[in-house]
Amino acid sequence: MNMESWRTVHALQLERGVSSVVVASNGERYREQLDQVRQGSDEAVKASEAASFYDALKAEREAVDQALRGAPANVERSGEVFYSVFNAFSDLIKHTMGTAMARQRHSAVVKTFARLKEELAKERGFVASVLALPELALGSLPARAFGDFVVCRHSQHAHVACLRDLVHMEGEELDLVNAGINPPPVLEVVRTRLLRTFDVAGVRACTSLDEWWELMNTFVDHMLAVQRRLIVLTLDGASGSSIGSDDMGDEKHAYDLVKSAASAIAAPIPPSTQQRPRPQGGHEGTVRGPFPVVSSGPDESGSGGEE
């Protein structure tokens with residue numbers, strides 16, 4: 001099933017977020033995590049035999065390092081600089097996802113879920129970087145950044161609608177992305193301010209970088225666990241045949257796949273989780289918070305993997 005390719009995507013999503021935060025803050029925030037996440041990406045790329053991506057990845061890292069070397073002189077341009085880094089990583093991730101999908105004929109459900117996860121990971125990295133910007137740089141975000149954020153949020157809604165159409169979910173059924181449709185209050189406040197008013201200062205007043213990062217890491221980590229389970233169930237249901245093509249006719253099978261994994265991220269987040277989390281809340285590969293652990297099968301060990 002080549003889950004290693006999806007681990008590579010997950011690791012690059014994390015590296016994009018940390019790199020963007022480090023650049024946005026001119027090295028003041030999450031700098032100590034950068035080497036760790038780069039090592040995680042290296043290990044994932046090696047395991048997936050995706051060596052063709054490594055030259056491009058090294059080029060993006062050099063751009064990050066160059067931005068940090070010029071940080072003292074670029075404080076007022078931090079928004080512009082981090083967004084350039086963010087977009088370059090996003091292009092690399094898009095290419096990596098395309099390769100992962102080409103190597104295995106995944107179902108439309110699995111592909112759509114992967115695209116939804118990427119849009120949520122984008123949201124995590126973008127908002128975290130906005131929260132990390134110094135005051136002097138708040139006006140330096142390119143105008144297109146907020147337009148892209150609106151597109152990101154609308155894409156999430158489109159993917160959710162597509163998933164519902166694919167599996168013919170009814171109102172009483174647990175939804176794979178219920179946590180994204182009914183977000184916890186702190187997440188909804190941030191989204192509302194950015195989408196309706198682009199109020200960066202207001203967002204920074206209502207939540208901290210550490211709060212946002214911990215909340216979204218928990219969410220994105222858990223989506224990886226659900227993704228694994230969906231792929232395993234697809235393979236198990238196919239009994240070794242050519243599985244998961246977009247023209248897979250067994251709609252009930254697709255429905256059962258999603259229903260089996262749905263409870264994994266549909267659990268409501270209790271009010272206690274709205275408190276300020278630990279700043280360095282652990283590696284993103286660890287599933288934390290209110291979400292239950294999803295077993296991805298006998299070939300997976302640990303609660304969430306070291307991505």
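Val85 lies in helix α4. The model is predicted. The protein chain has eleven helices and zero strands.

- Val85 has a relative accessibility of 7%, so it counts as buried, the cut-off being under 20%.
- Setting aside neighbours within four places in sequence, Val85 is in contact with Ser19, Ser20, Val23 and Val64.
- Ala67 sits 18 residues from Val85 along the chain, and the C-alpha atoms of the two are separated by 9.0 Å.

**The chain as a whole**

- From the N terminus on, the elements run α-α-α-α-α-α-α-α-α-α-α.
- The protein chain has 307 residues, and 55% of them are buried.
- Among contacts with a separation of 6 or more, 81% join residues 24 or more positions apart.
- The accessible surface of the chain comes to about 13,300 Å². Carbon and sulfur atoms account for 51% of that surface.

**Helix α1**

- Helix α1 covers residues 3-24, which makes 22 residues.
- From first C-alpha to last, α1 reaches 32 Å. That is close to the 32 Å expected at 1.5 Å a residue.
- Of the 22 residues of α1, 21 are buried, so the helix is largely enclosed by the rest of the structure.
- Asn26, with a positive phi near 60°, follows α1.

**α1 against α4**

- Two packed helices are described by the angle between their axes and the distance between the axes.
- α1 packs with helix α4, residues 78-103, at an angle of about 180°. Their axes are 9 Å apart.
- That angle makes α1 roughly antiparallel to α4, because angles over 145 degrees count as such.
- The residues of this contact of α1 with α4 divide into 15 nonpolar, eight polar and three charged.

**Thr8 in α1**

- Thr8 has its place in helix α1.
- With a relative accessible area of 1%, Thr8 is buried.
- Not counting residues up to four places away in sequence, Thr8 touches Ala44, Val45, Ser48 and Thr96.
- Thr8 and Ala44 are 36 residues apart in sequence. In space they are 4.8 Å apart, C-alpha to C-alpha.

**α2 against α3**

- α2 and helix α3, residues 54-69, pack at an angle of about 175°. Their axes are 12 Å apart.
- α2 is therefore roughly antiparallel to α3.
- On the α2 side, the contact is made by Arg31, Leu34, Arg38, Ser41, Asp42 and Val45.
- On the α3 side, it is made by Tyr54, Leu57, Arg61, Val64, Asp65 and Leu68.
- The residues of this contact of α2 with α3 divide into six nonpolar, one polar and five charged.

- Most residues other than glycine have a negative phi.
- Asn26 has a positive phi of about 60°, although it is not a glycine.
- Asn26 lies in the loop between α1 and α2, and α2 covers 31-48.
- At 17% relative accessibility, Asn26 counts as buried, because the cut-off is under 20%.
- Tyr30 also has a positive phi of about 60° and is not a glycine.
- Tyr30 is found in the loop between α1 and α2.
- Tyr30 is buried, with a relative accessible area of 1%.

**Leu230 in α10**

- Leu230 lies in helix α10, residues 209-238.
- At 1% relative accessibility, Leu230 counts as buried.
- Leu230 and Val109 are 121 residues apart along the chain. Their C-alpha atoms are separated by 8.6 Å.

Note on methods
Residues are numbered from 1 along each chain as its sequence is written. This is a predicted model: local features need pLDDT of at least 70, side-chain atom pairs count only at pLDDT 80 or more; totals for chains, interfaces and linings use all residues. Side-chain values use heavy atoms; hydrogens and water are left out. Helices (H or I, at least four residues) and strands (E, at least two) are DSSP runs, numbered from the N terminus. The expected span of a helix is 1.5 Å times one less than its number of residues. Buried means under 20% relative accessible area, exposed over 50%, partly exposed in between (1.4 Å probe, protein chains only). Axes are lines fitted to C-alpha atoms, for helices over the stretch in contact, and angles run from 0 to 180 degrees between N-to-C directions. Angles under 35 degrees count as roughly parallel, over 145 as roughly antiparallel, 65 to 115 as roughly perpendicular and the rest as oblique. Ala, Val, Leu, Ile, Met, Phe, Trp, Tyr, Cys and Pro count as nonpolar, Asp, Glu, Lys and Arg as charged, and the others, Gly among them, as polar. Contact means heavy atoms within 4.5 Å. Accessible areas come from the Shrake-Rupley method with a 1.4 Å probe; for residues, only the protein chains shown count as cover.
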